[in-house]
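Here is my note on the model you sent. Please read it with the structure open.

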Amino acid sequence: MNTKFRDGLVLLSKLTPRKAWNAFLVWFSYHISRTFKRSFHWGDPISLSIEPTTSCNLRCPQCPSGLRAFSRPTGMLQGNLFERLVEEQKHTLWYMTLYFQGEPFLNPEFLDMVNYASVRGIYTATSTNAHYLTPENAKKTIESGLNRLLISIDGVDQDAYGKYRIGGSLQKVLDGTRNLIEARKKTGKKGLQIVWQFIVFGHNEHQLPAIRALAREYGVDELAIKTAQIYDFEEGSDLLPQNEKYRRYTEMSAGFVIKNEMLNHCWRMWQSCVITWDGKVVPCCFDKDASHQLGDMKTESFGRIWHSDAYNKFREQVLHGRSNIEICKNCSEGTKIWES
């Protein structure tokens with residue numbers, strides 16, 4: 001069976017009549033809000049991202065975790081907060097990403113959290129640098145019920161890989177991938193979709209044919225080719241590839257600008273949000289420093305935050321002028337190319 005089709009069936013299997021009705025309410029709310037330029041919201045999130053940890057073992061130069069440059073605390077998500085969120089949202093939540101910043105496998109409770117959400121009928125996904133996927137952890141990952149695992153691999157040799165994934169080992173990534181695929185075969189559980197993500201930089205764009213070949217050799221289910229997010233992109237960067245197709249920025253006479261048109265609406269604001277390890281609710285994954293905190297799960301329920309005046313005011317800001325919201329200025333919606 002085609003792996004994408006199989007993954008789609010797994011996702012579809014998580015849909016219930018109540019989740020479908022909730023998704024319709026969210027979709028309808030979004031389009032009514034766009035029409036009238038006011039925030040209406042009659043559903044709960046279809047998907048959520050929650051952060052297992054801000055800690056990371058690597059030092060990637062365009063990542064706050066890697067740079068140790070957060071303006072917010074570093075820490076680990078605790079199971080009681082996570083379980084409270086799942087219990088509150090399990091009847092309407094369809095998709096959960098257990099990732100925001102940091103390396104999720106550094107949280108010792110991570111796979112327990114995955115399992116907790118999985119057995120309650122939620123599709124689960126995460127992203128990893130794959131340095132902790134020992135044979136034992138690979139087996140536990142398969143058994144946790146995780147449905148989608150995105151592995152960062154930005155080079156086919158250590159020189160290219162290590163230029164961005166500073167402190168990382170390409171061999172550990174390859175070994176971790178092999179451990180996962182072998183564990184999946186041994187357990188006979190085919191519910192995990194294994195995805196390689198290759199961010200295209202100036203120093204590795206010539207390796208695109210080689211990464212495609214390597215993905216086929218290792219037998220991963222999908223290869224995602226992704227453009228790089230650069231924080232100070234206006235004057236360019238040596239990280240930017242030459243091929244325009246793989247850049248999210250285009251060069252103009254005054255400097256580089258993001259390709260995406262700044263439209264005054266955003267589906268994400270109606271169907272999902274991000275929760276930091278310590279319970280802060282923020283609009284999306286571009287708010288890496290949690291500068292737009294819309295509520296705190298330590299002091300109030302998620303549902304109360306989601307439907308609060310503060311959240312609706314932020315949605316209305318989006319409808320009236322995304323260009324005035326700092327986190328929207330580097331938004332890269334739609335900058336992955338799924339290849340296999």
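**Notes on the predicted model**

1. A search of the whole structure finds 15 salt bridges. A salt bridge here is a side-chain nitrogen of Lys or Arg within 4 Å of a carboxyl oxygen of Asp or Glu. Side chains of opposite charge can pair when their charged atoms come close.

2. Some ground rules. This is a predicted model, in which local features need pLDDT of at least 70 and side-chain atom pairs count only at pLDDT 80 or more, while totals for chains, interfaces and linings use all residues. Residues are numbered from 1 along each chain as its sequence is written, and side-chain values use heavy atoms, with hydrogens and water left out.

3. The overall fold. The chain has 12 helices and 12 strands. These are DSSP runs, numbered from the N terminus: helices are H or I with at least four residues, strands are E with at least two. The radius of gyration is 20 Å, which agrees with the value near 20 Å for a compact globule of 340 residues. That radius is taken over C-alpha atoms, and the globule rule is 2.2 Å times the number of residues to the power 0.38. The C-alpha atoms fill a box of roughly 55 × 50 × 40 Å along the principal axes.

4. Of the 340 residues, 56% count as buried. Buried means under 20% relative accessible area, exposed over 50%, and partly exposed in between (1.4 Å probe, protein chains only). Among contacts (heavy atoms within 4.5 Å) between residues at least 6 apart in sequence, 69% join residues at least 24 apart.

5. Look at Asp7. This residue is found in helix H1 (residues 3-13) and is buried, with a relative accessible area of 11%. Its side chain meets that of Arg148 in a salt bridge (2.8 Å, N to O). The pair links distant parts of the chain, as Arg148 is in strand S4 (residues 148-152), 141 residues from Asp7. Arg148 is buried too.

6. What else does Asp7 touch, leaving aside its neighbours within four places in sequence? Besides Arg148, the contacts are Tyr123, Asn147, Gln193 and Glu222. A polar contact of 2.6 Å joins the side chains of Asp7 and Tyr123. Such a contact is a pair of N or O atoms within 3.5 Å; within protein, one must be able to donate a hydrogen and the other to accept it, and residues adjacent in sequence count only if both atoms are side-chain atoms. Glu222, in strand S6 (residues 222-227), is buried at 4% relative accessible area. Its side chain makes a polar contact of 2.9 Å with that of Gln193.

7. Two other salt bridges. Arg120 and Glu87 meet at 2.7 Å, N to O. Arg120 lies in the loop between helix H5 (110-118) and strand S3 (123-128) and Glu87 in helix H4 (residues 79-89), so the pair ties together parts 33 residues apart in sequence. Glu143 and Lys139 also meet at 2.7 Å, N to O. These two are 4 residues apart in helix H6 (residues 135-144), so about one helical turn separates them.

8. Glu51 counts as buried, because its relative accessibility is 0%. Its side chain reaches the backbone nitrogen of Gln101 at 3.4 Å.
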